Amino acid sequence: LLSLPQKWALLALSACSSLCCLCRLLGLLVAIGLTLGNQGRVLLAPCAVTNSALAPVSRECPFDPTRVYVSLPRAGAGDVP
């Protein structure tokens, strides 16, 4: 069984965890709401074809649904020649 200080510590950690979870959920809901509110146009705005400085092939584009993200294996890791 837990002693009284351990119970209070567990309650405090549980309350902090719940508060952090609630804040993250609120942030996620705000992000989803803003994205749905502007119909996702802001996500791809810097990637417009008219903007040659930030073309979708550039690494500067914050979000590009056509890009395939691949991580290359490190040298000496596994069976890679």
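**Surface.** I started with the area: the protein chain exposes about 7,300 Å², and carbon and sulfur atoms supply 70% of it. Accessible areas here come from the Shrake-Rupley method with a 1.4 Å probe, and for residues only the protein chains shown count as cover.

**Ground rules.** I noted that this is a predicted model, where local features need pLDDT of at least 70, side-chain atom pairs count only at pLDDT 80 or more, and totals for chains, interfaces and linings use all residues. Residues are numbered from 1 along each chain as its sequence is written, and side-chain values use heavy atoms, leaving out hydrogens and water.

**Burial.** I looked up how much is buried (under 20% relative accessible area; exposed is over 50%, partly exposed in between; 1.4 Å probe, protein chains only). The count is 6% of the 81 residues of the protein chain.

**Helices.** I find two helices and zero strands in the protein chain. Both terms are DSSP runs numbered from the N terminus: H or I over at least four residues for helices, E over at least two for strands. Helix 1 takes in residues 4-37, which is 34 residues. From first C-alpha to last, helix 1 reaches 49 Å, close to the 50 Å expected at 1.5 Å a residue; the expected span is 1.5 Å times one less than the number of residues. After helix 1 comes Gln39, with a positive phi near 55°.

**Leucine patch.** I checked the nonpolar surface patch: Leu19, Leu22, Leu25, Leu28, Leu29, Ile32 and Leu36 make about 700 Å². Patch residues have over 30% relative accessible area and no salt bridge; like charges are joined within 9 Å, nonpolar side chains (Val, Leu, Ile, Met, Phe, Trp, Tyr) within 5 Å. A salt bridge puts a side-chain nitrogen of Lys or Arg within 4 Å of a carboxyl oxygen of Asp or Glu. Leu36 sits in helix 1 and is exposed at 63% relative accessible area.

**Cysteines.** I found zero disulfides, meaning pairs of cysteine sulfur atoms within 2.5 Å. Cys20 is partly exposed at 47% relative accessibility, and Cys23 is partly exposed at 49%.

**Leu2.** I placed Leu2 in the segment before helix 1, partly exposed at 45%.
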